[in-house]
Structure formats: C-alpha cells, structure tokens
Amino acid sequence: MSDHDDILQRIRDDRDSLSRAFRTIADFLTAEPGGFINTPMRALSERIGVSEPTLIRFARHYDYQGLPDLRLAVAMSLAASDKGASVNLEPRLKDKEAVNRAAKRAIAARAAELAADDNSLLLDSGSTVQHLAEALVAAPGKTILTTGLNAVLALRNADQHRLIMPGGTVRAGAMSLAGRMAEANLAEMNIDTVYLGADSLHPVHGLSTYGEEEAHLNRAMIRASRRVVALADASKFRSPALHHICDLSEVDIIITDSSLSPKHRAAIEATSTTLILVDAPTPANSNKRTA
C-alpha cells in the first residue's frame with residue numbers, strides 16, 4: 001500500500017460508473033464523510049437507503065475487508081487532505097477494534113513477553129493495547145497505570161496487579177481518559193515502560209493520532225516512562241494523522257506484524273529504533289486491503 005491512498009478521490013472519480021446503489025452510497029460518503037465514519041452500520045444503511053450487505057459489498061468493491069476498514073481509510077484520507085479537519089472525523093472505537101484483530105493479538109502477545117521485565121507499566125487506550133491488557137491478566141503482579149477504561153475492565157479481577165488510573169475527563173467514544181488532570185498526575189510518575197498505540201506510524205513523521213487530547217496525553221506518557229514501546233499492525237504505517245505524538249527517535253521498540261512492507265521495514269531498521277516483527281494468522285480474504 002502507498003503511504004497515502006486517497007479513497008475519497010477514488011470514489012469521486014468512480015461515481016458515474018458505479019451501480020445505482022453504490023452511487024447512492026458514494027454520494028452520501030462524499031457529502032457527509034463524518035456521518036459515514038461515525039454512524040453505526042444499521043443506522044447508516046437506513047440513512048442512505050441501502051441494505052447492510054450492500055454497504056459491505058461497497059467496501060469490498062474498493063478492496064477493503066469490510067466497512068470498518070473503509071471508514072478508517074476515509075478518516076485517514078480526510079486527515080491527510082485537511083489539516084484543519086474536525087475531531088469528529090475520529091473513527092468509532094468498534095471500527096478500530098474490528099480491523100486486523102489477529103495481527104493485533106499477535107503483537108500484544110509479543111508485547112506481554114517484553115512486559116515480563118517491567119515492574120511498572122503504562123498502557124494507553126488503543127485497540128492493540130487492549131489486547132495487551134487481556135494478555136497480562138495471568139501475568140505476575142505488576143503496577144499497571146492505564147488511561148484505557150477497557151484495560152481496567154480486562155484487568156479488574158487480576159488481583160495480583162496494582163491497577164491505577166491517572167484521573168481526567170472521560171472520552172466515552174474512545175473508552176479512555178484525557179485532559180490536564182491526567183497529564184498533571186502522569187508528571188509525578190516514574191514508569192518502566194509505556195505501551196502506546198497510534199493511528200499512524202511513519203518512518204519520517206513518527207507517531208500520530210486523530211485526537212488532539214490523545215496526542216497531548218500520549219506525550220505525557222512518554223515523558224513519564226523510561227522505555228517507549230509502540231504497538232501497531234502493518235496497516236498503521238501510512239501518512240500521518242492529524243495530531244503528532246512523537247518522532248520515531250523517541251520510540252525504543254516498535255512491534256508490528258510481518259506483513260509490513262519491505263520499504264517501511266528498511267526505513268525503520270535504518271533508525272535507532274528496534275523493530276520486532278511477529279507472524280499473525282492470515283485472514284481468508286487476505287487479498288483485501290486494510291485501512
């Protein structure tokens with residue numbers, strides 16, 4: 001995949017050659033991309049006037065595995081084309097969770113092995129980090145600080161751990177905490193390792209995300225930690241999203257899956273950042289692109 005695939009422009013270019021149903025979807029998507037990204041599938045099908053299977057076929061027509069992948073690609077296309085885009089373009093958490101699950105689980109399992117050396121660790125709220133939290137349920141006791149509400153739910157019965165949240169404002173859509181209170185509390189912490197997700201990871205531009213508050217909080221996490229580990233499946237290696245988190249020079253280790261392109265692999269290996277590749281089960285429709 002190229003660094004930036006402008007799916008919005010492709011759909012605009014294709015509009016007149018599409019079937020009637022696909023043209024209806026294309027018209028809605030290009031007129032209301034925020035609504036396309038953030039509306040649950042059932043409600044979206046009703047708004048557009050097409051069936052849910054038709055929405056899925058539309059996504060696969062453009063070589064995506066399903067609607068979540070397409071919606072993430074639309075959000076990235078908006079972020080790349082309009083640096084002043086609204087934060088409302090941030091994809092739904094359920095869409096993020098649905099994409100590349102096998103790769104995310106494999107990455108999380110490898111991160112859990114790294115975490116064996118940590119007495120204290122800091123987990124952000126990304127979907128891959130959520131799998132790491134699940135992998136730590138049976139791990140020996142540690143101090144785990146997290147901004148992710150899903151991580152707390154996963155670890156709530158793991159009594160061997162000391163589980164801490166830094167406070168802050170609840171971002172219900174992202175199931176996470178953010179804000180100045182969380183950042184101020186993190187400034188008092190001294191953590192062995194932070195495990196970060198990202199909406200985009202680029203060899204030149206570093207880590208970035210859709211949300212400004214999340215970017216600020218991630219930077220506070222990095223400052224509070226002695227080691228920085230980024231968890232990102234290969235689909236995240238693309239043009240930067242709206243808000244910069246950090247340069248690659250601030251990341252000690254990147255864990256991703258072995259489908260990472262040779263170009264991106266070589267670019268990261270040429271830096272001081274350690275790259276760890278893991279194998280993940282290949283989906284049945286592996287010829288489809290991911291967002």
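Visitor: Let's start with helix 2 and helix 4: at what angle do their axes cross?

Guide: In general, two packed helices are described by the angle between their axes and the distance between the axes. In this predicted model, the axes of helix 2 (residues 20-31) and helix 4 cross at roughly 105 degrees and come within 10 Å. The two helices are therefore roughly perpendicular to each other.

Visitor: Which residues of helix 2 and helix 4 meet?

Guide: From helix 2 come Thr 24, Ile 25 and Phe 28, and they meet Leu 44, Arg 47 and Ile 48 in helix 4. Sorted by class, this contact has four nonpolar residues, one polar and one charged.

Visitor: And how do the axes of helix 4 and helix 5 cross?

Guide: Helix 4 spans residues 41-48 and helix 5 spans residues 52-61; their axes come within 9 Å and cross at roughly 95 degrees. That makes helix 4 roughly perpendicular to helix 5. On the helix 4 side, the contact is made by Met 41, Arg 42, Leu 44, Ser 45 and Ile 48, while helix 5 brings Glu 52, Leu 55 and Ile 56. By class, that contact has five nonpolar, one polar and two charged residues.

Visitor: With which residue does Glu 32 form a salt bridge?

Guide: Its partner is Arg 47, with the closest N and O atoms 2.7 Å apart. The pair links distant parts of the chain, 15 residues apart: Glu 32 lies in the loop between helix 2 and helix 3 (33-38), and Arg 47 lies in helix 4. A search of the whole structure finds eight salt bridges.

Visitor: Which residues line the second largest cavity?

Guide: This cavity has a volume of about 40 Å³. Its lining consists of Asp 124, Ser 125, Gly 126, Gln 130, Gly 148, Asn 150, Ala 151, Ala 174 and Met 175. By class, the lining has three nonpolar, five polar and one charged residues.

Key: Residues numbered from 1 in each chain as written. Predicted model: local features only at pLDDT ≥ 70, side-chain atom pairs only at ≥ 80, totals over all residues. Heavy atoms only, no water. Axes fitted to C-alpha atoms, helices over the stretch in contact; angles between N-to-C directions. Helix = DSSP H or I, 4+ residues; strand = E, 2+ residues; numbered from the N terminus. Parallel < 35°, antiparallel > 145°, perpendicular 65-115°, else oblique. Contact = heavy atoms within 4.5 Å. Nonpolar A, V, L, I, M, F, W, Y, C, P; charged D, E, K, R; others polar. 1 Å grid on protein atoms, 1.4 Å probe; cavity = no way out; pocket = protein on both sides within 12 Å on 5 of 7 lines; lining within 4 Å. Points joined across faces, edges and corners; volume = space filled by probe spheres on them. Salt bridge = Lys/Arg side-chain N within 4 Å of Asp/Glu carboxyl O.
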